[in-house]
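Visitor: I am new to reading protein models. Please take me through this one and tell me where each term comes from.

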Amino acid sequence: MLKLLAWLGLFLLAVTPVRAAPLEVTDLAGRTVTIQTPVERFVISEGRYIPLLALLRPDNPVAGLVGMMSPLALTEPALQEQLYEKFPQARDIALFGGTSAESVSVEKIIDLRPQLAIFGLGDHGPGTKNAELLRQLEASGTSILFIDFRMDPLNNTLPSVELLGRVLGAEDRAADYISFYRDRLDRIRQRIAAVATRPRVFVQAHPGRFPCCWGMADGMLGPFVGLAGGLNIADAVAPGPVAQHTEEFLLAENPDVWIGTASGTAADHHAGKTPVALGADVTPEMAVESLKRYLDQPSFAAMDAVRQGRAHSLWHNFYNSPFNIAAVEAFARWIHPEIFADTDPQETLAEIYRRYLPFTLRGTYFATVPHG
């Protein structure tokens with residue numbers, strides 16, 4: 001009789017539907033958020049967070065994703081093609097804005113009836129300062145969760161992955177990636193701890209797309225300089241995420257290492273446009289040619305970093321990505337090549353794709369100008 005009751009209990013557990021249960025978490029804005037789980041309907045601010053969803057849920061990254069402010073194609077058109085090919089339902093995800101928080105329609109979000117809205121702490125979508133929008137969403141029953149890979153990537157990337165894994169029921173996937181990421185980060189920290197010199201570095205955003213010279217300092221990719229054993233020359237004169245510097249500043253400071261964040265595409269390069277190109281469908285030859293074409297300007301060609309083969313580029317979108325560990329490795333290799341010769345950031349990115357994503361990595365994401 002007891003055995004029969006035990007089997008009956010197991011049977012009832014098996015057929016009982018999963019019931020919504022409240023989950024209380026603290027998000028990256030320090031807010032306590034209560035979310036009804038499982039999360040079956042949610043929205044995200046930018047399509048660029050879809051690779052994060054794919055990392056956590058490779059069998060169906062867009063399950064339950066009913067809306068987003070901007071499409072993935074805005075930053076990764078080739079990856080969106082792969083997304084549509086493997087998960088055709090992604091074509092039906094509604095858009096509720098354009099490219100900025102001001103473009104967002106809160107009415108459209110509410111019409112989508114999401115349980116949860118996932119926003120970035122400092123991306124192009126709604127942030128903590130959009131109090132009225134947040135109030136309207138919460139009044140409609142939508143919980144709001146902030147993550148961050150942009151404002152403080154060194155401290156917020158892993159907590160963001162862990163938080164979203166917990167909320168979406170993908171704790172094991174999140175823990176596996178966090179271990180992968182942490183192992184590589186620890187290796188860099190251990191080696192940098194022994195360096196005696198710290199080369200001076202300038203990180204320039206969007207070379208060829210925007211006028212010279214927007215430097216990254218305290219935010220985005222700027223903090224990677226210090227972690228990788230360098231001194232960020234922009235941080236000393238204009239602390240903050242980004243600030244514009246003159247060509248004269250760059251020539252006078254004459255950094256040991258120059259790093260540009262490339263936002264040009266293969267199509268831009270074929271069309272002869274000026275933005276330094278990297279990313280999907282960009283070959284290594286195109287990447288180097290694009291970088292060299294930009295740095296051939298007299299104001300750059302005179303810099304020691306360019307003449308000595310210490311001018312580099314990396315894909316701009318690492319500045320807001322959970323895969324930024326590949327960018328950290330690139331910084332370390334470029335700033336201290338003598339101790340990171342065995343480090344290959346392009347291979348690290350390829351490994352992330354092989355191990356964690358249902359997509360294939362295509363293209364070139366790092367480049368170095370030829371010496372001399």
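Guide: The chain is divided into domain 1 (21–181) and domain 2 (198–368). Those bounds come from an automatic or database domain assignment. Residues are numbered from 1 along each chain as its sequence is written, and side-chain values use heavy atoms, without hydrogens and water. This is a predicted model: local features need pLDDT of at least 70, side-chain atom pairs count only at pLDDT 80 or more, and totals for chains, interfaces and linings use all residues.

Visitor: What makes residues of domain 1 and domain 2 count as in contact?

Guide: Contact means heavy atoms within 4.5 Å. By that rule, 32 residues of domain 1 touch 29 residues of domain 2.

Visitor: What area do domain 1 and domain 2 bury between them?

Guide: About 2,700 Å², with 61% of it on carbon and sulfur atoms. Buried area is the accessible area (1.4 Å probe) that two parts lose on being put together, summed over both.

Visitor: Why is the pair aspartate 176 and arginine 355 called a salt bridge?

Guide: The rule asks for a side-chain nitrogen of Lys or Arg within 4 Å of a carboxyl oxygen of Asp or Glu. Here the N to O distance is 3.8 Å, so the pair qualifies. Across the interface of domain 1 and domain 2, the rule finds one salt bridge.

Visitor: Which elements give two or more residues to the side of domain 1 that touches domain 2?

Guide: They are α2 (50–56), α3 (77–86), α6 (153–167) and α7 (171–192). The largest share, six residues, comes from α3. Helices are DSSP runs (H or I, at least four residues), numbered from the N terminus.
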